[in-house]
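Here is a short briefing to keep beside the structure as you look around.

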Amino acid sequence: MKKAVFFDIDGTIIDCLNGLTDMTHRVKKAIGALKTNGDYVFIATGRPYAFLNEAIRNFGFDGFIFTNGAYVKVNEKCIYKESIKKDFIKEITYNFEQLNIQYILQGEKYSYIKDEYKRLHSFYDSYSISKKYLKGNYNLENIDTYKIEMLCNDRKGIDYCVSLGNGGIYHTYNMEEKSFELCSKANTKASGILKILERLNIPIENSYAFGDGKNDIEMLSIVGCGIAMGNADDFVKSYATKVTGSVQNDGVALEIEKFIL
């Protein structure tokens with residue numbers, strides 16, 4: 001029976017903030033061995049398509065779970081998507097601009113960020129995000145948004161962003177960076193995994209996931225074997241079946257070689 005293996009990106013197969021901007025040779029070889037074995041390999045990420053580097057985009061993954069499950073592709077076919085309601089987008093982006101909150105709207109292929117948002121551009125530069133799929137000129141009526149990220153300048157902006165985590169909207173934040181993410185509560189990496197497994201007729205016990213962050217908890221919990229990275233915090237590790245080495249020590253490759261293959 002074929003297996004399906006899902007990989008988070010940041011802190012799992014790469015570590016941009018610490019200089020690891022591409023998968024190591026050993027990790028590529030291990031994931032490639034899964035494909036040679038006839039198994040499926042997928043990316044499950046909070047990132048949109050625009051935030052993938054060319055190496056990951058062209059590696060040969062069998063599909064992608066983008067923006068925490070709001071957009072799901074198997075091979076080149078979209079099997080699920082749910083954008084955030086446009087009326088809500090219009091309302092909050094108006095308020096963002098009144099409060100000097102810089103924001104990016106993450107779409108299917110392109111993401112949309114105003115050229116004057118220098119702090120936010122710099123933030124993405126630190127993660128080695130290419131500007132190839134970023135657009136500064138756009139019309140809200142003509143785009144679909146699956147996730148929003150924001151940078152606040154002051155307490156007033158922070159308080160407004162915190163207030164948005166109600167109803168069907170889920171938000172995460174980093175108070176040190178004054179950064180926020182908004183997406184639908186209905187979609188997670190786990191919901192994306194279940195859609196892919198159903199499409200490919202793979203039982204849950206034949207599924208594996210690697211992750212390190214809090215947005216990986218649902219998928220680590222739901223798959224047959226959730227594998228936390230060694231660099232994950234103890235709270236995330238508590239939801240995993242196994243713990244492997246850190247991203248800097250090829251933890252993904254270690255567990256594929258030792259356990260999955």
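Asp159 is partly exposed, since its relative accessible area comes to 41%. Please keep in mind that this is a predicted model. Asp159 is a handy place to begin, as this residue takes part in a salt bridge with Arg155.

- Between Asp159 and Arg155, the closest N and O atoms are 3.0 Å apart.
- Both residues belong to helix α5, which covers residues 155–163.
- They sit 4 residues apart, about one turn of the helix.

**A pair between a strand and a helix**

- Lys242 and Glu255 also form a salt bridge, and here the closest N and O atoms are 3.4 Å apart.
- This pair links distant parts of the chain, with Lys242 in strand β14 (residues 242–243) and Glu255 in helix α9 (residues 251–260).
- Lys242 is partly exposed at 25% relative accessibility, whereas Glu255 is buried with a relative accessible area of 1%.
- Glu255 counts as buried because its 1% falls under the 20% cut-off.

**Salt bridges across the structure**

- How many salt bridges does the structure hold? The count is 20.
- Another of these pairs is Lys147 with Glu149, whose side chains meet at 3.2 Å, N to O.
- Are Lys147 and Glu149 buried or exposed? Both of them are buried.

- Thr67 is not a glycine, yet its phi is positive, at about 40°.
- You will find Thr67 in the loop between β3 (63–66) and β4 (71–74).
- Thr67 is buried, and its relative accessible area is 2%.
- Asn75, likewise a residue other than glycine, has a positive phi near 55°.
- The loop that holds Asn75 runs between β4 and β5 (77–81).
- Is Asn75 buried or partly exposed? With 47% relative accessibility, Asn75 counts as partly exposed.

Note on methods. Residues are numbered from 1 along each chain as its sequence is written. This is a predicted model: local features need pLDDT of at least 70, side-chain atom pairs count only at pLDDT 80 or more; totals for chains, interfaces and linings use all residues. Side-chain values use heavy atoms; hydrogens and water are left out. Helices (H or I, at least four residues) and strands (E, at least two) are DSSP runs, numbered from the N terminus. Buried means under 20% relative accessible area, exposed over 50%, partly exposed in between (1.4 Å probe, protein chains only). A salt bridge is a side-chain nitrogen of Lys or Arg within 4 Å of a carboxyl oxygen of Asp or Glu.
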